[in-house]
Amino acid sequence: MTEEKKAKILADLIDFDPVFLEIKELFLSNLVMISEIPAPTFEEQERVGFLLNKFSEANLINTSTDEYGNALGILPGTEEGENILIVSNIDTSVDFTADHSVSVGPGTVTGPAVGNNAVGLAAITILPALFEKLGITLKSNLILMGSSRSLGKGSLGGLRFFLKNTRHPIKAGICLEGMNLGEISHRSLGMMRCEIIYNTPDNFDWRMFGRIGAIETLSEIISRIREIPIPGKPRTSVSFASIESGTAYSLVASEGILRFEIRSESEEMVIMLKHEIQNIVAEVSSSYGIEVTMDVVGQRNPGGIPFTHPLITSVRDIMEALDIKTTVQPTTNELSAFIDIGIPAVTIGITNGSIKDKNNEEIEIGPVSQGLKTLLGLILSVDREEYDES
Amino acid sequence: MNPDKWLKENTYHHSEFVNIADLVKEKKKKGYKISLCIPTLNEEKTIGKEIIIFKSELMNRVPLVDEIAVIDSGSTDKTREIASSYGADVYLSTDILPDIEKKKGKGENLWKAIYQLDGDIIVYIDADIKNIHPRFVYGLLGPLIYRDEVMYVKAFYDRPLAFSDGIRPTGGGRVTEILVRPLFSLFYPELTPIIQPLSGEYAVRREVLEKIPFPIGYGVETSHLIDIYHKWGMEAFAQTDLDQRVHRNQPTRDLGKMAFGILQAFFKRLSAHDIVKYKEFESNILRQFQAHDNKFEVIEIHIKEEERPPMIDIPEYREKRGIKIKP
C-alpha cells in the first residue's frame, strides 16, 4: 500500500475512537447475547436467527439464510460488481446443555466460546453502524456472513457452500477470529481430520488370543502412529484430539472412537501420513479379528497468498500504523475455503484473550477498538485497491 | 374477580411486546418516564452484563428506559465499580435519605429507589439473573404502558435451577409452592392466579409504590401483593411470562429464613385486615438444627421483618416531589 493510500485510510478513521465509544455498548451487548445462544455445529439455527435480526435492524439488503443455515446480509456499495466477504463462524464446540452464561468484568468478558467466535460475530454486527457513524461509503458491496457448520465435522461446510453457489463474485475474504490481535494468517495448512472407530463384531469370540477391547486396541494404534517419523520440514504434526470408550470397570470396552488431525504445509505429506495410518489400522484390525475402520471427516488443502500480496501488505501496514505487534501464523480456519478456490483472503484477530477452563474463554475489552480499527482499515484498503487476478 | 377470568385477561407473554418501537411511541404519547432499579449485594459476576444489555438495547438503541440505577447494600466485591464503569447510576443505599435510621435489606433498597429515582414507573430487576435479556424489562412494561388501569406487573418463569454441571429444565419456586400459595389459597384466594408471587422482577407505577409500606427483608413481595390487592383490587395486577430465568439456587436452610420473614409480613397483614387476630409474635428467632457427631445443635437466627412506612409519609420525599400536603 502506498504511503498516500495509507494516510488517506488513517485520515478516514480519525474519528474512529469517539465513534467506537458511542457504540461500544452495542458491541458488548451483542457479544453477550450471541455468546449465550448455544450453537453447537449443525444446531446453529437460533444464533442464525439472532444475527439475521441484527442484520435487518441495520437495514442490510438481501438479509437471508441459505440451505446450509448461513446468516447473510449485504451492506451495499456505490458501484456494481465488486464484493468483499467478511466472515466469522457461527458454530461452537460447546454442548447445547452446557451453562452458556457470560460474565462481564471491569475489562473482560468471560464465557463459553466468547473468543471463538462470538467476538468475530459481534464485530460483524456492528460494522454497518461503524460505517454509518464514520460517514464512510464503500464502492464494493460488503457481504456480512456468519458461517454455519464450520467446526469439526462441519468442515467449513457453510462457507464452502456459499462460495460455490453465490452469484456475487468475491474480490477478497476477511476472516475474523476473536482472539490473537496482531496475528495474521494468509496461508492455510493442509489438514486431515480423521476418526478411527473400533467395533466388536456381534460374533466375536472373547476366548480368542489376546481378548483385548477397544481401549487397548486404540492405545496400540496411538503408539504405532507415534512411531511414524514426522519431518520438521515441511512442518507437519499429528495431534490426538479425543478418545471415547468404555462403560464400566468390569466390562471390556467393546466400542471406541479415536479422533485426530494430521496437519502439514505439504499436501503430499498429509496424504502419505493418511496412508501409513490406514495401513496400521488395517493391520491391527486383521490381527485381532476385530472391526477397526478409519474415516476422514474433514479436510483442508494447504495453500495461500504470498506474504507480498497487497491484502497482506495492507493489513501489516495498518497494524504497524496502529502500533499493533504482528505475527504470522498458518491456519486451518475459514481461510482455507477461500484459498481452495483462489480467492485472496486473510484472517485477523479482533482482541486478545485466553482459554480459562474447559468451557470458558476470556477476552479483553480494551484491545477491541484496535482490532475493529484494523478491520475497517483493511476493508477500506481492499475497497480501494485493484488486485491482480493472477 | 373470578381467578380464571383474571388469568385470561391479565396474563401476557413477553413476545406480545417485542415491538419495542411501538412501546416507545405509546410511552412518549403518555409522557411516562421510566426508571430501572437493580438492587445489589455482591453481584459482580452478573451486574456488568445486565447493565450493558439494558443500556445498549433499551436506552441507546430505543429510548424505552430513561435511567438505570443500581442501589447497593454495601457490596464488598466489585459490584459498584463494574456497574459504574458500564454507565449505571450507582447509589449506596445508606447514602439515600441519610438522616433516617439505617436498615439493611433488599426491601430497603427497593424502598429508597422510590425516593432516589425519577420514573413514573419503576422496574425492579434482581441482579443475579444469569440469562439476562431485554425482555425482562419490556415484557413487564408492556401492560403498564398500554393499559392505564394496570398498576403492578409481576414476572413469572419456567424456572430452571442452575447447577455447576448443567441446567435442570424445571423446578424452583419451592417457597411459593409450599408456603405462599397455600397461604394465599386459605386467606386471599383471589391472589392465587399470580403464578410466581415471589419473583423479584416487577414494574410498578409510582402512585402505587409511594403509598405502600415496604418490609425491608424477605416479605416485601408478598406484602406488596396483599397491600395493593386491598387498596386497588385484582384489576391493578397483570403478569408476564418471561420464559426462563437462570439464577443461583438457594440451599433449603436459606429458604427457611425466607419463609420465616414472609410469614411475619403475612401475619401482620392478616391481623391488620382483621382476618386473624394475634397480639404479637412469641419470638423473632428461627431455630434450625445441625448434627455434630452424634449430637444435635440448635442454630438460632434472629430475623425481624421490619417495615418502612409508605414513602409518601417521609417529609424529604414530599419535599423532593413537591407534594405540599400529606395525603
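A nonpolar core, as the term is used here, is a set of buried Ala, Val, Leu, Ile, Met, Phe, Trp, Tyr and Cys residues joined through C-beta atoms within 7 Å. With that in hand, let's walk through this predicted model.

The largest nonpolar core has 158 residues. Those with the most contacts inside it come from both chains: A:I86 and A:I174 on one side, and B:C37, B:I122, B:V123, B:V137 and B:L141 on the other. Beyond its neighbours within four places in sequence, B:V123 is in contact with B:I34, B:L36, B:C37, B:V137, B:L140, B:L141 and B:A203. Another core, of 22 residues, lies apart from the largest one, and its members include A:Y198, A:I221, A:I262 and A:Y288.

Now step back to chain A as a whole. Its secondary structure consists of ten helices and 18 strands. The radius of gyration of chain A is 23 Å, close to the 21 Å from the globule rule for 390 residues, so chain A is as compact as a globular protein of that length. Along the principal axes, its C-alpha atoms fill a box of roughly 80 × 45 × 35 Å. Of the 390 residues in chain A, 47% count as buried. If you look at contacts in chain A between residues at least 6 apart in sequence, 80% join residues at least 24 apart.

Finally, turn to where the chains meet. Here 15 residues of chain A are in contact with 20 residues of chain B. On the chain A side, helix 2 (16-35) and strand 4 (103-104) are the elements that give two or more residues. Helix 2 of chain A provides the largest share, six residues. By type, the chain A side divides into seven nonpolar, five polar and three charged residues.

Conventions: Residues numbered from 1 in each chain as written. Chains lettered and ligands numbered in written order. Predicted model: local features only at pLDDT ≥ 70, side-chain atom pairs only at ≥ 80, totals over all residues. Contact = placed C-beta atoms within 7 Å. Helix = DSSP H or I, 4+ residues; strand = E, 2+ residues; numbered from the N terminus. Nonpolar A, V, L, I, M, F, W, Y, C, P; charged D, E, K, R; others polar. Rg over C-alpha atoms; globule rule 2.2 N^0.38 Å. Buried ≥ 20, exposed ≤ 12 C-beta atoms within 10 Å, placed from the backbone.
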